[in-house]
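Reader: I would like to go through a structure with you, beginning with the overall fold and then turning to the aromatic side chains.

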Amino acid sequence: MKLDGFGIFVNDMVKMIRFYRDVLGFEIAEDESTNNVFLKKDGTLFLLYGRADIEKMTKNHFNYAEKISGHFEIALGVENFAAVDEAFARVVSQGAVPVMQPETMPWGQRTCYIADPEGNLVEIGSFVKE
């Protein structure tokens with residue numbers, strides 16, 4: 001098996017499309033009134049599924065975390081340490097929830113965390129100093 005992509009189950013599709021498209025720069029071609037979003041970001045398939053739709057399709061009901069969730073992260077890489085700080089400031093000014101300010105880790109990565117509107121963690125990091 002190989003990884004084709006990943007998806008997250010969303011409650012408010014319009015809000016999530018606007019965040020991933022307008023704040024994080026994902027290329028989303030679907031209209032905001034869609035139920036499911038399929039897109040490629042840097043060669044990886046990324047999906048937004050409406051919660052009601054995935055439950056109907058699978059004939060199951062699922063539990064969803066409230067507030068900021070620690071179940072998984074979406075990791076985004078930028079070109080260098082300065083870009084981590086710039087990206088963090090930019091996305092927070094556009095409505096991302098700050099979780100961890102940019103910090104250089106002992107393993108040599110500069111990283112930070114934000115949360116999307118439904119509490120999913122998004123990491124922004126780089127291993128390149130300059």
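This is a predicted model: local features need pLDDT of at least 70, side-chain atom pairs count only at pLDDT 80 or more; totals for chains, interfaces and linings use all residues.

Reader: Turning to aromatics, how many pairs does a search of the whole structure find?

Author: The search finds 7 aromatic pairs. One of them joins Tyr 20 and Phe 26: the ring centres are 5.3 Å apart and the planes stand at 70°, so this pair is edge-to-face.

Reader: Are Tyr 20 and Phe 26 buried or exposed?

Author: Tyr 20 is buried, with a relative accessible area of 0%. Phe 26 is buried as well, at 3%.

Reader: And what is the geometry of the rings of Tyr 20 and Phe 46?

Author: Their centres lie 5.2 Å apart with the planes at 45°, so that pair is tilted. Tyr 20 belongs to helix H1 (residues 13-23) and Phe 46 to strand S3 (residues 44-50), so the pair ties together parts 26 residues apart in sequence.

Reader: Which residues form the aromatic cluster?

Author: Phe 6, Phe 19, Tyr 20, Phe 26 and Phe 46 form one cluster.

Reader: Lastly, how many positive and negative side chains are there?

Author: The protein chain has 13 positive and 20 negative side chains, and the centres of the two sets are 3 Å apart.

Technical notes: Residues are numbered from 1 along each chain as its sequence is written. Side-chain values use heavy atoms; hydrogens and water are left out. Lys and Arg count as positive and Asp and Glu as negative; His and the chain ends are not counted. The place of a charge is taken as NZ of Lys, CZ of Arg, CG of Asp or CD of Glu. Rings of Phe, Tyr and Trp (its six-membered ring) pair if their centres lie within 6.5 Å; planes under 30 degrees apart count as stacked, over 60 as edge-to-face and the rest as tilted. Buried means under 20% relative accessible area, exposed over 50%, partly exposed in between (1.4 Å probe, protein chains only). Helices (H or I, at least four residues) and strands (E, at least two) are DSSP runs, numbered from the N terminus.
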